[in-house]
Amino acid sequence: MVQENLTDVEQRIQAACERAGRDRNEVTLIAVSKTKPVSMLNEAYGCGIREFGENKVQEMMDKYEQMPQDIHWHMIGHLQRNKVKYLMGKAYLIHSVDSLRLAEEISAQSVKHQVQTDILIEVNIAGEESKFGISGEETIRLVEAAAALPNIHIRGLMTIAPFTDHPEDNRIYFRKIKELSVDIDRKKIDNVDMHILSMGMTGDYEVAIEEGATMVRVGTGIFGERLRTELTIHQM
Ligand SMILES: *Cc1c(COP(=O)(O)O)cnc(C)c1O
């Protein structure tokens, strides 16, 4: 199933790139494997996938130990400061930095472990109360403050668009965050670049690519639905 799904996702990515006049190489597919067993990750690995996304530190660590070394692990979930230390040297990119305190902790741990850590700033572009991430206005201030911290590098922005059955509804948000990233890039802040725009999930990644996404995070579209009961069992 994973192989068929990946073929389908790949075709959709290519078609979206063509519609937008973009090169396929500009878009990285991240396979979001949260709650899924290592056997399924291995299936995706066998199809050539090397970018995996997880939203819980412990689960990422477990899978990190069991999977091949040449994988890039993306931390895409809300991150507590006391767990940052476990990610050092293991997370290829942390997508979910939404406060200066979190950036400071990632910097301090990176210095301590003598590593450089790439991060994205998570923007709640639609202003949804239920979501993590900071507002568009706060983003520039956070970028400027975090840019001065040692051993971390801001590589771009990430957003989670509202859940919708109509992906077109999210086009405006993707466009807004692209504009924000261009505005920040123009400021030419030391130690900051805006090469990465992490946006688009199973429901809306094609629209996100049309609007400039350079990373799309696809879970359900590759691995199938996540069962609520899986989560409940973990929590017991
Ligand atoms: C779970 C998750 C995804 C993938 O969601 P799907 O709708 O299953 O593709 C992407 N990004 C984040 C931050 C997630 O938590």
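Let's start with one side chain: that of Asn124 reaches the backbone oxygen of Lys131 at 3.5 Å. That is a polar contact, meaning a pair of N or O atoms within 3.5 Å, where within protein one must be able to donate a hydrogen and the other to accept it, and where residues adjacent in sequence count only if both atoms are side-chain atoms. Keep in mind that this is a predicted model, where local features need pLDDT of at least 70 and side-chain atom pairs count only at pLDDT 80 or more, while totals for chains, interfaces and linings use all residues. Residues are numbered from 1 along each chain as its sequence is written, and side-chain values use heavy atoms, with hydrogens and water left out.

Where does Asn124 sit? You'll find Asn124 in the loop between β5 (117-122) and α6 (136-147). These labels are DSSP runs numbered from the N terminus, with helices being H or I of at least four residues and strands E of at least two. Asn124 has a relative accessible area of 10%, so it counts as buried (under 20%; exposed is over 50% and partly exposed in between, with a 1.4 Å probe and protein chains only). Leaving aside residues up to four places away in sequence, Asn124 touches Lys131, Phe132, Gly133 and Ile134, where contact means heavy atoms within 4.5 Å.

Now over to the strands. β1 (residues 28-32) and β2 pair in the parallel sense over 2 bridges; DSSP has to find at least two bridges for two strands to pair. Val32 has Gly53 in β2 as its bridge partner. Together with helix α2 (residues 38-46), β1 and β2 make a right-handed β-α-β unit. Right-handed here means that, with the strands pointing away from the viewer, the path from the first strand over the helix to the second runs clockwise.

Next, β2 (residues 51-54) runs parallel to β3 (residues 72-75), joined by 4 bridges. Glu51 is partnered with His72, and Glu54 stands opposite Met75.

Finally, β3 and β4 (residues 91-97) run parallel, with 3 bridges between them. One of the pairs is His74 with Leu93 in β4.
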